[in-house]
Amino acid sequence: ETMAATRTSKEQKYDRQLRLWGDHGQETLENAHVCLINATATGTEILKNLVLPGIGAFTVVDGHTVTGEDVGNNFFLCNNSIGKNRAQAATELLQELNSDVSGNFVEESPDKLLDNDPEFFHRFSIVIGVHLPESTCLRLGSVLWSASVPFLVCKTYGLIGYMRLVVREHTVIESHPDNALEDLRLDKPFGEFKNHIQSYDLDNMDKKDHSHTPWIIIVAKYLEKWLSEHNGQAPKNYKEKEAFRQFIREGILKNENGVPEDEENFEEAIKNVNTALNPTKIPSTVEDLFNSEQCNNITSQSTAFWVMLRAIKEFVHNEGNGSLPLRGTIPDMIADSQKFVNLQNVYRTKAMQDAKAVLKHVECLLKSVGKVCGKSVSSLNVCSGKNASFLRVVRCRSLAEEYSVDSVNKDEITSCMDSPDSEMVFYLMLRAVDRFFQQHSRYPGIYNYQVEEDISKLKLCVNSLLQEYSLNINIKDDYIHEFCRYGAAEPHTVAAFLGGSAAQEAIKIISHQFVPFSNTFIYNAMSQTSATLNL
Amino acid sequence: LSQIHEPIYVMAVDGGHRNSGCDWDGRWNHVRKFLERPGPFTHPDFEPSTESLQFLLETCKILVIGSGGLGCELLKNLALSGFRLIHVVDMDTIDVSNLNRQFLFRPKDVGRPKAEVAADFVNSRIPGCKVVPHFKKIQDFDESFYRQFHIIVCGLDSIIARRWMNGMLISLLSYEDGILDPSSIIPLIDGGTEGFKGNARVILPGMTACIDCTLELYPPQINFPMCTIASMPRLPEHCIEYARILQWPKEKPFGDTSVDGDNPEHIQWMFERAQERASEFNITGVTYRLTQGVVKRIIPAVASTNAVIAAACATEVFKIATSAYIPLNNYLVFNDVDGLYTYTFEAERKENCSACSLVPQDLQFPSSAKLQEVLEYLTENAALQMKSPAITTTLEGKNKTLYLQSVKSIEERTRPNLCKTLKELGLSDGQELAVADVTTPQTVLFKLNFTA
C-alpha cells in the first residue's frame with residue numbers, strides 16, 4: 001500500500017477512474033494502441049475520451065484536408081489548419097490533452113492503406129472507423145475480422161448517432177454487475193458454515209450477544225429447526241415464508257412484561273428471509289458458457305478465459321458438488337465486531353479453498369495441452385468465485401453477415417418496425433443514405449437547393465434496400481425528408497454524445513471489464529431516446 | 001410549452017456584441033442546416049430563418065453553473081453550437097484529480113480557479129466566443145444577475161446547490177391574478193453524473209417538475225451509526241470514520257485545524273489510525289485509497305459519462321434557444337455499465353412541492369409535540385431533506401426566531417426552545433412558520449395543523 005509521499009502523479013491524476021476499473025484495468029489501457037479513422041468531430045470526441053483516461057497510444061488515419069466546415073464543429077481543429085491534412089491537425093491538439101499518451105498520424109485514406117498495406121491495422125487493440133462509406137467499411141471490416149481485431153463503427157448523421165461493434169468473441173471476467181444477489185448458500189450450507197453456527201445457542205445467550213448475532217446466523221439456525229420440523233422441506237411459497245418469518249420473530253427476546261425487545265438484527269433477519277431462501281444455482285449465462293465448444297475443447301490455443309471457465313466447470317462437477325466456487329463476501333449487518341469478522345472469515349476461508357481447487361484444475365488442464373501456468377491465470381484472484389457468476393462472452397457477427405442477403409436479420413428488423421417509435425427506422429435510413437452516396441458520390445441535401453429534389457432519389461434508395469432484403473415494411477416519407485434535410489450535418493452535441501458512448505465501449509473492449517453492447521446502438525437526439533439492436 | 005418559446009426573443013436582456021468578423025467560410029454549416037431549413041419533425045413554432053443563427057451568436061445569453069466534469073464539456077458544446085455569450089460560475093480551484101476528465105485544465109493550472117482557466121481556454125480555442133468567468137459561489141449572486149440569462153444549465157456535484165438554483169429561478173417567476181407570466185420563466189437544464197450513471201433533465205420553473213418535486217429520486221446520504229463506529233466496527237470504512245470523527249478532534253494531530261481531505265498528510269494520519277483500529281478488530285481492507293474515498297466522500301468519475309450527459313444537456317439548450325425541436329419532456333437517465341441503457345420519462349410536478357407549489361406546506365403535529373420533533377421532520381422527511389433549518393414565526397405582531405443553528409449565539413439562545421412544546425412556545429393552530437435553509441434562497445412557508 002503506497003504512502004502519501006510516494007503516490008505517483010499518475011495515481012493522483014487517474015484516481016477517480018481507478019476507483020472504477022482498478023490498477024489492473026488502467027494497465028490494460030496504458031498498453032493499448034487505438035486507431036481512429038477520420039478525425040471528424042465524432043472521431044476527435046471519441047479519441048478525447050480515450051486520451052484523457054490515458055490510453056498508451058493512438059493513431060489517426062485520415063486522408064482529408066481540413067475545411068472551414070470541419071473547424072466549425074470540431075474542438076480539435078483550428079482555423080489556421082484549414083487546408084492542412086486533417087490527421088495531423090487533429091493529432092496535435094489531441095496529443096496536447098495528456099502527455100502520458102503517444103499520438104501518431106497517417107496522412108492516408110483507409111482505402112489506400114487497404115490497397116497497399118492491410119496488415120497495418122493488425123497492430124491495434126481496436127480500430128474505430130468514423131463516417132466511413134459503405135464500401136470502405138465492409139473492406140476494412142473483412143480485414144479486421146480475419147485478424148480478430150475489434151472494430152467499432154461510428155457515425156453522427158444529423159440528430160442520429162450510430163455505433164456498431166464488430167468482434168468475434170469478447171470475454172469479460174469482471175463484469176461488475178449493478179445489483180448482484182449475495183452468495184450466502186443458506187439453502188446448501190457448507191461444512192465449515194454448519195460447524196460455525198453450532199457454536200451459537202440462541203436460546204441460551206445473554207441479551208447483548210443475542211442482539212448482536214449476525215442475521216445470517218439467525219436465519220441459518222431457524223432454518224435448521226424448520227427443516228427438522230418440516231421433513232427437510234424449506235419454506236417455498238409466500239404462506240410458508242410468512243410462517244418462517246413469524247417463527248423468527250417469536251425468537252426476539254421479551255422483557256419481564258412480555259414485550260418484545262428492540263433487536264435490530266432479528267428485524268434484519270426477517271427482512272432478508274425472502275432473498276436468503278433463494279436457491280443457490282448456476283446462472284444460465286454461465287451454464288451456456290459451460291456448454292460451449294470453447295469450454296469443452298481446451299487446446300494449447302485456448303485463452304486464459306476458457307481455461308479458467310473449464311476449470312470452474314470441473315470444480316462444479318467435483319469439489320463444488322454442483323455449485324460454483326464460493327464468492328466469499330457477505331454484506332454488512334448488525335453484529336458485534338467479533339461475530340461479524342468470524343462469520344466473514346468462514347466465508348473467506350471457504351472461498352480461498354475453492355479458488356485453490358479451481359487453480360489445481362487450471363494447472364491440470366494446461367499440463368494436458370503441454371503448457372505451464374502463466375501470470376495471467378496463476379493469480380488466485382482470477383480463479384476465485386468472486387467473478388464466477390458474472391462471467392460473460394459477447395459475440396458480434398461480422399458486417400459481411402449483417403449486409404448479406406442470405407444472413408440479414410430480417411426478423412429483428414421487421415419485429416422492431418412493428419412498433420411505431422422504434423429506432424430501427426433510423427438504421428434503415430442510414431443504410432439508404434449509404435446507398436445514395438454509393439450512387440451519387442455525395443450525401444443527400446448537402447446544399448439547400450438539393451433538399452427537395454433529393455427526396456425522390458433517396459426514396460429510390462430506400463425502396464431498393466427494402467426490396468433487396470425482401471423487407472415488407474413501410475418507411476414514412478417524413479423520415480426520408482428529414483434525412484435529406486440533415487444534409488449529412490454533424491452537429492457537435494450529437495457527436496459529443498456518441499463520443500462519450502463509443503469511448504466507454506472501447507475501454508470495455510480493451511480492459512475486458514464491464515459488458516459491451518451488442519451489436520448496434522442508435523441514439524436519437526430529437527427524442528433523447530436510444531436502442532440497442534442485434535443486426 | 002409552445003407558448004413560452006416566442007417570448008425568449010423579446011425578453012428584456014442586453015444584446016451581445018455584433019459579430020466581430022472572426023467567422024470563416026462554412027464555419028456554421030453544421031448548425032445552419034437545423035436553423036434555415038424546414039423539416040417534418042421540428043417544433044410547431046419553428047420557422048426557418050437566417051436570423052436564428054444571429055440570435056445565437058449575438059444575443060442569446062447562457063449561464064453555465066459549474067466548470068468541472070460537466071461544465072468543461074458544456075462550455076465546449078455550447079461554443080461549438082453557436083453560443084457566444086456564456087457566463088460560467090464555479091467556486092473551486094483545479095485539483096490534479098480533475099485532470100482525467102476536465103479537459104480544459106492542465107497540470108500547470110492546478111490551484112487556479114476553474115471558471116477562469118476554462119473561460120480562457122475556450123475563448124482562445126473558439127474564436128469569437130466570449131465566456132465570462134465568475135470565481136464565486138452561486139449564492140454570491142442575486143436575482144438581478146440570474147435574470148439576465150435566457151437559459152441556465154447546471155453541471156453541479158451537490159444536491160444542495162441544485163436546490164438553491166432551483167429555488168432562485170422559482171423566485172423570479174411572476175404571477176398576475178394567479179396566472180404565470182411566461183416571460184418570467186428561465187428554463188433550467190440540469191445534468192448529473194456518478195461513475196457510469198448519469199441523468200439530464202429539462203425544468204421549466206413553475207410549469208414542469210422542479211428539483212424538489214422529485215427529491216425522492218435523490219435518497220439521502222447514508223452515514224454509519226455512531227455506535228458502530230465507536231464500539232462495533234466491522235468494515236474498514238468504520239475504522240476510517242473512527243479516525244475522522246472521534247480520534248481527530250480528540251488528538252488534534254495538526255493543531256486546531258479541521259480535516260482537509262485534500263491534504264495528503266491528513267489522509268495519511270487517518271489511514272494509519274484506521275489501520276491500527278482495524279488490526280485491533282481483525283478487520284482487513286484499509287487502504288490509502290479507501291481512506292481518502294471515505295473521508296472526502298469521493299464519487300468515482302470518468303470522461304465518457306460526463307461527455308454523454310453534457311452533450312444531452314447542450315442539445316436541449318440548443319432546442320430551447322432555437323425552437324428547432326420539441327425539448328426533452330423531461331428526464332433522461334443513462335447507464336453504460338452493461339451495454340448502453342437510456343430511459344426517458346416525464347417527471348411529474350408535486351402538488352404540494354415545498355419549492356414550486358404556491359401553497360404553504362402542511363405541518364401536522366399535536367400541540368404537545370416538542371419543537372425538536374418539528375426540526376427532525378424538516379431534516380429527515382424525504383420530500384424536504386433540509387440541512388439546518390432556521391424556524392421563525394410572527395408572535396404578537398413581532399418576528400420571533402424559534403430556532404437557528406448557523407449562528408452560534410442565536411443557537412445557544414434558542415436551543416432551550418427545542419425541548420418546549422409547540423403550545424408552550426405560544427404557537428396556535430394554523431400558525432405560519434417561515435423556514436430558511438441552505439437548500440433554498442427563499443424561505444419556505446409552513447402552516448401548523450394541530451392534530452388531536
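In the views below, helices (H or I, at least four residues) and strands (E, at least two) are DSSP runs, numbered from the N terminus. The structure is a predicted model in which local features need pLDDT of at least 70 and side-chain atom pairs count only at pLDDT 80 or more, whereas totals for chains, interfaces and linings use all residues. Residues are numbered from 1 along each chain as its sequence is written, chains are lettered from A and ligands numbered from 1 in the order in which they are written, and side-chain values use heavy atoms, with hydrogens and water left out.

**View 1. Chain A as a whole.** Chain A contains 24 helices and nine strands. Its C-alpha trace spans about 90 × 55 × 45 Å along the principal axes. Of the 535 residues in chain A, 57% are buried; here buried means under 20% relative accessible area, exposed means over 50%, and partly exposed lies in between (1.4 Å probe, protein chains only). Contact means heavy atoms within 4.5 Å. Among contacts in chain A between residues at least 6 apart in sequence, 69% join residues at least 24 apart.

View 2. Over all chains, the structure holds 37 aromatic pairs. A:Tyr157 and A:Tyr443 form one that is edge-to-face, at 5.7 Å centre to centre and with 65° between the planes. Rings of Phe, Tyr and Trp (its six-membered ring) pair if their centres lie within 6.5 Å; planes under 30 degrees apart count as stacked, over 60 as edge-to-face and the rest as tilted. Because A:Tyr157 belongs to strand E5 (residues 151-157) of chain A and A:Tyr443 to the loop between helix H21 (424-440) and helix H22 (448-468) of chain A, the pair ties together parts that are 286 residues apart in sequence. A:Tyr157 and A:Tyr443 are both buried. The ring centres of A:Phe497 and B:Phe334 lie 6.2 Å apart with the planes at 80°, so this pair is edge-to-face. A:Phe497 is in helix H24 (residues 492-511) of chain A and B:Phe334 is in strand E10 (residues 331-335) of chain B, so the pair joins two chains. Both A:Phe497 and B:Phe334 are buried.

**View 3. A cluster of rings and two charges over rings.** Ring pairs link residues of both chains into a cluster, among them A:Tyr157, A:Tyr443, A:Phe483, B:Phe34 and B:Phe41. Elsewhere in the view, the charged end of A:Arg431 sits over the ring of A:Tyr403, 3.7 Å from its centre. A charge sits over a ring if NZ of Lys or CZ of Arg is within 6 Å of the ring centre and within 35 degrees of the ring normal. B:Arg125 lies over the face of A:Phe75, at 4.9 Å from the ring centre.

View 4. Most residues other than glycine have a negative phi, and most peptide bonds are trans. The bond joining A:Ser518 and A:Asn519 is a cis peptide bond, with omega about -10°; A:Asn519 lies in the loop between H24 and strand E8 (520-524) of chain A. In chain B, the peptide bond from B:Asn329 to B:Asn330 is cis, with omega near -5°, and B:Asn330 is in the loop between helix H12 (303-322) and E10. A:Asn231 has a positive phi, near 60°, and is found in the loop between helix H10 (215-229) and helix H11 (238-249) of chain A. Its relative accessibility is 74%, so A:Asn231 counts as exposed. B:Asp177 has a positive phi of about 55° and is placed in the loop between strand E5 (175-176) and strand E6 (179-180) of chain B. With 82% relative accessibility, B:Asp177 counts as exposed.

**View 5. Helix H3 of chain A and A:Glu490.** Helix H3 (residues 41-51) of chain A has 11 of its 11 residues buried, so it is largely enclosed by the rest of the structure. The buried residues of H3(A) include A:Glu45 and A:Lys48. A:Glu490 is in the loop between helix H23 (477-486) and H24 of chain A, and is buried, with a relative accessible area of 5%. The C-alpha atoms of A:Glu490 and A:Thr156 are separated by 5.7 Å, although these residues are 334 residues apart along the chain. Leaving aside neighbours within four places in sequence, A:Glu490 has contacts that include A:Ala41, A:Thr42, A:Thr156 and B:His30.
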